[in-house]
Each structure stands twice: as structure tokens, then as C-alpha cells.
Amino acid sequence: MAKPPLSHFSPKFSNKAWADDDGYTSYFNCPYSEEVKKSPIGWKQWGRKRGLYSWAVENSLDKDLETAAGPIYQKICSYNELTNNERIIWSQFLLSQLIRTPTYMRYENRARELFGITEKPKHDRVGCRECGDLNFVANRDWCLLLAHEDDFFVRSDNPVFQTGFIELPDTCIFYPLTPKLCFVACSMPNDWDAFSNKPNETCGYQLAKGGAYFYNFHLAKAAGESLIISPKHDGIVAEGMYNDILGIYPQPPFSLHVLDSSNTENAFKSIRKIMSMTDGTEYPCWQPMELEPFYQKNNGTGTA
């Protein structure tokens with residue numbers, strides 16, 4: 001019987017910017033000592049886990065999504081504006097990235113048990129370009145955050161940081177593209193209509209020294225079990241931060257709950273209940289704090 005695939009929950013093309021010739025430095029929660037440890041790891045060895053999903057899903061992610069998303073990834077990193085169709089594909093990639101991680105699938109499987117759900121999604125982990133939810137990402141204003149020359153962004157095993165339900169205007173999405181560049185789908189005004197809005201052009205903001213560490217704090221806190229950094233960026237600051245906060249409040253699986261706009265507080269409670277029952281931890285209220293709302297300040301390059 002064939003082995004299940006090594007499921008790539010974070011595609012290799014999206015991770016390689018964090019590697020040097022020998023690979024990455026990984027910080028991870030050791031299951032035996034229950035301590036955070038670090039270790040060198042090869043650039044093809046991180047971002048995968050055997051048997052997360054079937055060969056059909058793994059192949060579909062590659063053929064139907066990543067083949068199209070890879071060039072768009074590079075286009076964004078080169079500071080080029082996307083076409084409307086490319087914005088849809090990129091939005092599909094981000095939402096797929098949110099639901100293909102071990103963390104999300106752990107919560108999803110527990111929710112299935114709790115609520116007796118047996119139905120499988122039609123486009124498992126991949127999504128489709130006709131999905132209306134893509135508008136909640138594609139029709140937000142976007143921006144890019146550039147780290148100070150002395151700073152860097154991390155890549156965690158929950159690569160996308162989502163501050164709330166995508167239907168809510170205040171929500172924003174952060175996704176580091178390289179150690180120096182982070183993509184943001186911004187918060188929008190309260191009267192924002194995701195299905196009719198025409199977003200502004202993408203703009204960029206240069207972060208002050210130390211600014212990237214503020215985002216790294218939230219990215220590391222929302223990790224599942226591990227993160228990677230470039231070996232040249234490892235040091236006392238990294239050790240101090242990741243040893244204390246790695247994975248202490250994993251990325252909430254917001255898409256597991258259908259949002260009722262009349263009572264969003266219950267929706268947040270429902271997600272927190274699923275997380276707490278799965279992990280055996282009583283999680284406090286979800287508070288992205290200073291990260292939300294995050295608005296596009298203007299149409300041009302600036303500082304943040």
C-alpha cells in the first residue's frame with residue numbers, strides 16, 4: 001500500500017527566501033521536553049507533514065493553485081501591480097494557505113467530531129476561483145511592509161495571520177513574503193462592500209527599526225508548533241522572543257464558523273470553544289490588539 005503524501009502545508013517556493021545554502025534555522029516546540037528548541041533544517045524539510053491530505057489534494061494544490069500562484073508571488077515581491085484575475089488567484093492562495101495547515105486541520109477534525117459533520121468540501125484545501133469569499137480579500141486595499149535593514153520577518157507554520165472573520169471590515173491579513181517583505185490585506189471602512197468595492201493601488205510602507213519585531217511577536221504567538229528564520233538572523237533577540245511565546249495562541253480557524261453579522265461575539269466564542277476543547281487549554285478572548293484595524297494610509301509609499 002502506497003504511503004500517504006508528504007503534504008506541503010507551506011509550499012517550497014514560498015519558504016525558500018528564508019534559507020541560506022544550508023537551509024533554515026527552525027524554532028519548534030519539542031513534544032518530549034515540552035520546551036522550545038532550535039535546530040538547523042534543510043530548505044526542503046520544513047513546511048510538510050505526512051498524511052495531512054490525500055494524493056489527490058496534494059496534486060490539485062500543485063497543479064490547480066500553486067502553478068498559477070508562484071509567478072504571482074514573485075510579481076508581488078517585485079513590486080508589480082496585479083491584474084484583477086491575478087488578485088483573485090492570490091486571494092485563493094491566501095485562503096487556501098489558511099486552511100491547509102496542521103493547526104487548522106486539527107481544529108477542523110475536532111469540530112467534525114463535535115458536530116457530527118461528515119460531508120467533505122468539494123474543492124478540498126484548494127478552493128475555486130468562483131468562490132464568493134475571495135472578494136473579501138481581493139477587494140480590500142493591499143499594502144506591503146518593508147522591514148528595516150537590520151530587521152526581518154519570520155515564517156511560521158501558520159504562515160498567514162488573520163485577525164478576524166474575513167467578512168468583517170476591521171479584519172486584516174498579514175503574510176510575510178520574504179524576510180524583508182510582508183503582504184497585508186488591509187482593514188476597510190465600516191460601509192465597505194466586498195462585492196462592489198474597487199480597491200486602491202497597492203502601496204508600500206518602510207518600517208522603522210524594530211517595527212518588524214512587533215509583527216513577528218504576533219506571527220510567532222499564532223504559530224502551531226514551529227517557525228523558521230534565516231540562520232543569519234538568529235541570535236539573542238530571536239531566542240528570547242520565540243522561547244517565550246511560540247504557539248501560545250495558535251491562529252484561530254475563523255472559517256469554521258458561518259458569521260452572523262448580528263452577533264459576532266458569539267462567533268468568536270464558538271471558535272475559541274473549538275480551540276479550547278481541542279487543545280485542552282482555556283484560551284482567553286482573541287485580541288489582535290494593535291494590529292487591527294490596519295488601514296491603507298494613502299496611495300503612495302510612506303513610513304509605518
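The crossing of α2 and α3 is left-handed (the near helix is turned anticlockwise from the far one by less than a right angle). This is a predicted model, where local features need pLDDT of at least 70, side-chain atom pairs count only at pLDDT 80 or more, and totals for chains, interfaces and linings use all residues. Residues are numbered from 1 along each chain as its sequence is written, and side-chain values use heavy atoms, without hydrogens and water.

Helix α2 spans residues 55-77 and helix α3 residues 84-99; their axes come within 9 Å and cross at roughly 115°. Axes are lines fitted to C-alpha atoms over the stretch in contact, with angles from 0 to 180 degrees between N-to-C directions. That makes α2 roughly perpendicular (65 to 115 degrees) to α3. From α2, the contact (heavy atoms within 4.5 Å) takes in L61, L65, A68, A69, I72, Y73, K75 and I76. From α3 come E86, I89, W90, Q92, F93 and S96. Ten of these residues are nonpolar, two polar and two charged.

Now turn to α4 (residues 102-115) and α8 (residues 264-279). Their axes come within 9 Å and cross at roughly 100°. These two helices are therefore roughly perpendicular to each other. R106, Y107, R110, A111, L114 and F115 of α4 meet I274, M275, M277, T278 and D279 of α8. Here seven residues are nonpolar, one polar and three charged.

The chain as a whole has eight helices (H or I, at least four residues) and twelve strands (E, at least two), taken as DSSP runs. Buried residues (under 20% relative accessible area, 1.4 Å probe) make up 50% of the 304 residues.

Definitions and conventions:
Parallel < 35°, antiparallel > 145°, perpendicular 65-115°, else oblique. Nonpolar A, V, L, I, M, F, W, Y, C, P; charged D, E, K, R; others polar.
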